[in-house]
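Please keep the sequence and the model in view while reading the numbered points.

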Amino acid sequence: MLHVFLMDAPRNASKRGSVIDDIILVVQSNRLGQPITYRIRLAPSSFLLNHHHHQNTMSNTLPPLPYAYNALEPYINEQIMTLHHTKHHQTYVNALNAAEAAYSKASTPKERIALQAALKFNGGGHINHSLFWKNLAPSAAAGKGNGGVLKDGPLKSAIEQVWGSLDALKKEFNTATLGIQGSGWGWLGYNTQTKRLEIATTPNQDPLLSLVPIIGVDIWEHAFYLQYLNVKPDYLNAIWNVINFEEAEARLVEASGNSKL
Ligand SMILES: [Fe+2]
């Protein structure tokens, strides 16, 4: 579904012969995507739909956390969350904007190809972290929220269909994710072909493209080292206490295109 917002529409647009300003369109591709800004220029004899790269690059901004930096304690501490959000994620945003700006100015295929790695790494970093923050919620076990609680519903049914239980999913997810060599991401994703949930991993900041991401877990050392040091299994066991299953279920329902899953 496309949500189209018309902004700054000139009030005199329908008057013949009047001076007409540009119309800015901000297209929200879907709840998983990033806003795309278009500028429609009203020329004397025709419409020109002109996709402005510059406008688009400026739309990459650090999304605010949907909770306080200490809200995920004791499972992820305030220091990690503060650095992770304000330093690491911000760096991906800045580098992505720089790469997109350079790409828009590149005039040859060779120049554009040279920017692919930076676009993939920083674009992936921005997409993955934007999802990650929404994947998390203050923990019910700590009496702070609904994090870690999987209620009866389409997500629980879909998990039990594949793994039998949430505990079995956690075990397989953690084993697969511990197998990542170096930095990467562990994923619970939805396969739109088989209409089933799957576990996947991606290296570096590669976004999950083969499945619709439902839950993503950051396995970079910056996500856990200040609290869990080298003991990655403890981080992976702890994070299930702050997984936002309500957000995950909303993603599953949207990905499946069926609110009655
Ligand atoms: Fe990260």
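**Notes on the predicted model**

1. Pro 74 is located in the loop between helix H1 (53-57) and H2. The peptide bond that joins Glu 73 to Pro 74 is cis, with omega at about 10 degrees. Helices (H or I, at least four residues) and strands (E, at least two) are DSSP runs, numbered from the N terminus.

2. Some conventions apply throughout. Residues are numbered from 1 along each chain as its sequence is written. The model is predicted, and local features need pLDDT of at least 70, side-chain atom pairs count only at pLDDT 80 or more, while totals for chains, interfaces and linings use all residues.

3. The protein contains 9 helices and 7 strands. Of its 261 residues, 28% are buried. A residue is buried if 20 or more other C-beta atoms lie within 10 Å of its own, exposed if 12 or fewer, and partly exposed in between, with C-beta atoms placed from the backbone. Among contacts between residues at least 6 apart in sequence, 55% join residues at least 24 apart. Two residues are in contact if their C-beta atoms, placed from the backbone, lie within 7 Å.

4. Three strands form an open sheet in the order E6-E5-E7, with antiparallel pairing. E6 and E7 stand at the edges with a single partner strand each, so one side of each has no neighbour in the sheet. On average, neighbouring strands of this sheet are turned by 25 degrees against each other, direction ignored. Two strands pair if DSSP finds at least two bridges between them. Strands of a sheet pair through backbone hydrogen bonds, either parallel or antiparallel.

5. How many residues of strand E5 (residues 184-191) are buried? The strand is mostly covered, with 7 of its 8 residues buried. E5 pairs with strand E6 (residues 196-203) in the antiparallel sense over 8 bridges, and Gly 189 has Glu 198 in E6 as its bridge partner. Strand E7 (residues 212-218) is joined to E5 by 6 bridges, and the two run antiparallel. The bridge partner of Tyr 190 in E7 is Val 212, and Leu 188 stands opposite Ile 215 in E7.

6. E5 and E6 form a hairpin with 4 residues between them. Lys 195, in the loop between E5 and E6, has a positive phi of about 60 degrees although it is not a glycine. Lys 195 counts as partly exposed, because it has 14 C-beta neighbours inside 10 Å.

7. Helix H5 (residues 154-163) and helix H9 (residues 245-256) pack at an angle of about 80 degrees, and their axes are 8 Å apart. Axes are lines fitted to C-alpha atoms, for helices over the stretch in contact, and angles run from 0 to 180 degrees between N-to-C directions. H5 and H9 are therefore roughly perpendicular to each other (angles under 35 degrees count as roughly parallel, over 145 as roughly antiparallel, 65 to 115 as roughly perpendicular and the rest as oblique). Pro 154, Leu 155 and Ala 158 of H5 make the contact with Phe 245, Ala 248, Glu 249, Leu 252 and Val 253 of H9. These residues divide into 7 nonpolar, no polar and 1 charged. Here Ala, Val, Leu, Ile, Met, Phe, Trp, Tyr, Cys and Pro count as nonpolar, Asp, Glu, Lys and Arg as charged, and the others, Gly among them, as polar.

8. Val 162 also belongs to helix H5. Leaving aside neighbours within four places in sequence, Val 162 is in contact with Arg 196 and Leu 197. Val 162 and Leu 197 are 35 residues apart along the chain, and their C-alpha atoms are separated by 7.1 Å. With 15 C-beta neighbours inside 10 Å, Val 162 is classed as partly exposed.

9. Which residues of helix H8 (residues 232-239) are buried? They are Tyr 235, Leu 236 and Ile 239. These residues cover an arc of only 95 degrees around the axis, which puts them on the same side of H8; the arc is that of the directions from the helix axis to the C-beta atoms. Their cover includes helix H6 (166-178), E7 and helix H7 (225-228).

10. Leu 229 is in the loop between H7 and H8. Although Leu 229 is not a glycine, its phi is positive, at about 50 degrees. Leu 229 is exposed, because 11 other C-beta atoms lie within 10 Å.
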